[in-house]
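Here is a friendly note for a colleague opening this entry for the first time. Please keep the viewer beside you and look up each residue as it comes up.

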Amino acid sequence: MTRAALIKLKVTTRSAAQTKRLGAKLAPLLDVGDALLFQAQLGAGKTTFVQGLAAAMGARGAALSPTFIVAETIEARVPIHHLDFYRLTLKEILGLGVEDYLNGAGAVGPGVLLIEWAERFRPLWPKERIDVKIRVGRKKDERTFELTARGERPSALLTDLAKKIR
Ligand code: ADP
Ligand code: MG
């Protein structure tokens with residue numbers, strides 16, 4: 001993996017299938033401790049991206065949680081901790097004891113972190129992470145993904161992803 005100058009990557013997808021393929025391209029690059037924090041409106045495509053990513057990491061079974069499940073660990077090449085803070089306040093999130101997921105600690109153990117509605121737990125954000133914002137386009141099914149790397153390894157990851165896309 002090369003050292004990276006790139007810290008931002010913008011990709012427009014035009015179908016749910018394309019978004020899954022985008023997630024699938026990132027999948028082989030990820031390892032335990034990597035964190036993707038999603039911020040986007042309901043129906044933007046966060047879970048769709050997660051599904052494509054998880055499937056490409058060898059997750060068994062297609063179904064991933066709808067937004068009413070807060071945390072699940074998906075068995076795959078490496079464990080995937082999929083968290084979804086939809087409708088939760090920071091106080092509620094703190095009360096749930098999700099720290100083990102965030103730290104890869106306790107019985108939960110290390111994994112790749114994929115977190116929907118990340119804006120809800122800002123004070124607990126890992127310092128090294130990829131922020132994923134999704135803008136819903138004016139055309140039907142158009143979504144623009146803006147991935148921003150925070151830290152050296154996340155920057156290297158996005159640089160490698162960019163090579164696979166262009
Ligand atoms: P979120 O998790 O952000 O609430 P979901 O991934 O659950 O959103 O839902 C996204 C919805 O938008 C799905 O019904 C999906 O089929 C649809 N969709 C249409 N175009 C796209 C696209 N380009 N990328 C992702 N989803 C899309
Ligand atoms: Mg979702």
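The numbered points below go through the metal site, the ligand, the strands and a few single residues.

1. Before you start: this is a predicted model, in which local features need pLDDT of at least 70 and side-chain atom pairs count only at pLDDT 80 or more, while totals for chains, interfaces and linings use all residues. Residues are numbered from 1 along each chain as its sequence is written, chains are lettered from A and ligands numbered from 1 in the order in which they are written, and side-chain values use heavy atoms, with hydrogens and water left out.

2. Which protein atoms are the donors of the magnesium ion? For ligand 2 they are OG1 of Thr47 and OE of Glu116, lying 2.1 to 2.2 Å from the ion. Thr47 belongs to helix α2 (residues 46-56) and Glu116 to strand β5 (residues 112-116), so the pair links parts of the chain that are 69 residues apart. Donors here are N, O and S atoms within 2.8 Å of the metal (3.2 Å for Na, K and Ca); water is not among the atoms, so sites may look incomplete. Helices (H or I, at least four residues) and strands (E, at least two) are DSSP runs, numbered from the N terminus.

3. The word buried means under 20% relative accessible area, exposed means over 50%, and partly exposed lies in between (1.4 Å probe, protein chains only).

4. Next, ligand 1. There are 16 residues around it, and Thr19, Gly43, Lys46, Thr48 and Asp141 come nearest; a residue is near a molecule or strand if one of its heavy atoms lies within 4 Å of it. Taken alone, ligand 1 exposes 570 Å², and the protein buries 75% of that. Helices α1 (16-26) and α2 are the elements that give two or more residues to the shell, with α2 giving the most, three residues. The areas come from the Shrake-Rupley method with a 1.4 Å probe; for residues, only the protein chains shown count as cover.

5. Strand β5, which carries Glu116, deserves a look from both sides. Five of its five residues are buried: Val112, Leu114 and Glu116 on one side, Leu113 and Ile115 on the other. Strand β2 (residues 35-39) runs parallel to β5, joined by three bridges, and Ala35 has Leu113 as its bridge partner. Strand β4 also pairs with β5 in the parallel sense, over five bridges, and Asp84 stands opposite Glu116. Two strands pair if DSSP finds at least two bridges between them.

6. How do strands β3 and β4 run relative to each other, parallel or antiparallel? They are antiparallel, and four bridges join β3 to β4 (residues 80-84). The two strands form a hairpin with five residues between them, and Ile74 stands opposite Ile80. On β3 (residues 71-74), Glu72 and Ile74 make the covered face, whereas Ala71 and Thr73 make the uncovered one.

7. Ala71 counts as partly exposed because its relative accessibility is 25%. Not counting residues up to four places away in sequence, Ala71 touches His82, Leu83 and Tyr101, where contact means heavy atoms within 4.5 Å. Its C-alpha atom is separated by 8.1 Å from that of Val98, 27 residues apart along the chain.

8. Arg87, between β4 and α3 (90-96), has a positive phi near 70 degrees without being a glycine, and counts as exposed because its relative accessibility is 66%. Asp141, between β6 (129-136) and β7 (143-150), also has a positive phi, of about 70 degrees, and is not a glycine; at 37% relative accessibility, Asp141 counts as partly exposed.

9. Finally, Asp34 is in the loop between α1 and β2. Asp34 counts as buried because its relative accessibility is 7%. Leaving aside neighbours within four places in sequence, Asp34 is in contact with Leu29, Gly111, Val112, Leu113, Arg153 and Leu157.
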